[in-house]
Amino acid sequence: NLECLSRVCLGMVGARRCSHYGRQLGFQFSKQISEEGITVVSGGATGIDSAAHEGANAVNRPNIAVMGTGFEKLYPKANVRLFENILKAGGAWVSEYPLMTSARPNLFPPRNRIISGLSCATVVVEAGIKSGTMITARLAADQRRDVLAVPGALANPLSAGPHQLIREGAMLVENADQ
């Protein structure tokens, strides 16, 4: 559905190995944002990305998965049903790679610039300081997009990324309405 690419989009990214709490937040934020007519964009990875897509799919709203592979080599394989549901909800897959391109670590950071580039703002839900999520946040800032960060528990190492972004000027968000 190419039409969803021209709608107002919000990137939602975060840790692959997220906490249960972070996953719940990603799902709930995405569900609420989608109900407001905003298209959620994420990377289709496990963790927060999956929760973001699942939230939009739960209310049957278009959302966009930006792939770090070709469409014939969907990754992760565990998310194939999730990817199919994105299309059923009127969403889209986006990739700059040829159809048969397999997953390789060096392909995912370039993919992140597309996530932030399609989005008017990017929300970070749980991230380590040195992570693909933080790359996406930096790319969003470089593209003059708003960066929003969800604070977390001080004892959770995955709160370090959002907390650093907040210290650097990202907007703190505590709920989807914000």
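The second largest pocket in this predicted model has a volume of about 290 Å³.

Two elements, helix 1 (20-35) and strand 5 (121-125), each supply at least two residues of the lining. Helix 1 gives the most, with 3 residues. If you sort the lining of the second largest pocket by class, you get 12 nonpolar, 3 polar and 2 charged residues.

A word on the method, for those new to it. Rolling a probe the size of a water molecule over the atoms shows where empty space is left.

Now the largest pocket. About 590 Å³ of space lies in it. Its lining is made up of 28 residues, and those closest to the centre are G14, R16, A45, R111 and G132. Strand 1 (9-14), helix 4 (108-118) and helix 5 (132-142) are the elements that give two or more residues to this lining. Which element contributes the largest share of the lining of the largest pocket? That is helix 4, with 5 residues.

How do the residues of this lining divide into nonpolar, polar and charged? There are 13 nonpolar, 9 polar and 6 charged residues in the lining of the largest pocket.

Definitions and conventions:
Residues are numbered from 1 along each chain as its sequence is written. This is a predicted model: local features need pLDDT of at least 70, side-chain atom pairs count only at pLDDT 80 or more; totals for chains, interfaces and linings use all residues. Side-chain values use heavy atoms; hydrogens and water are left out. On a 1 Å grid over the protein atoms alone, a cavity is a set of points where a 1.4 Å probe fits but cannot get out, and a pocket is an open set with protein on both sides within 12 Å along at least five of seven lines; lining residues have an atom within 4 Å of a point. Grid points are joined across faces, edges and corners, and a volume is the space filled by probe spheres set on the points. Helices (H or I, at least four residues) and strands (E, at least two) are DSSP runs, numbered from the N terminus. Ala, Val, Leu, Ile, Met, Phe, Trp, Tyr, Cys and Pro count as nonpolar, Asp, Glu, Lys and Arg as charged, and the others, Gly among them, as polar.
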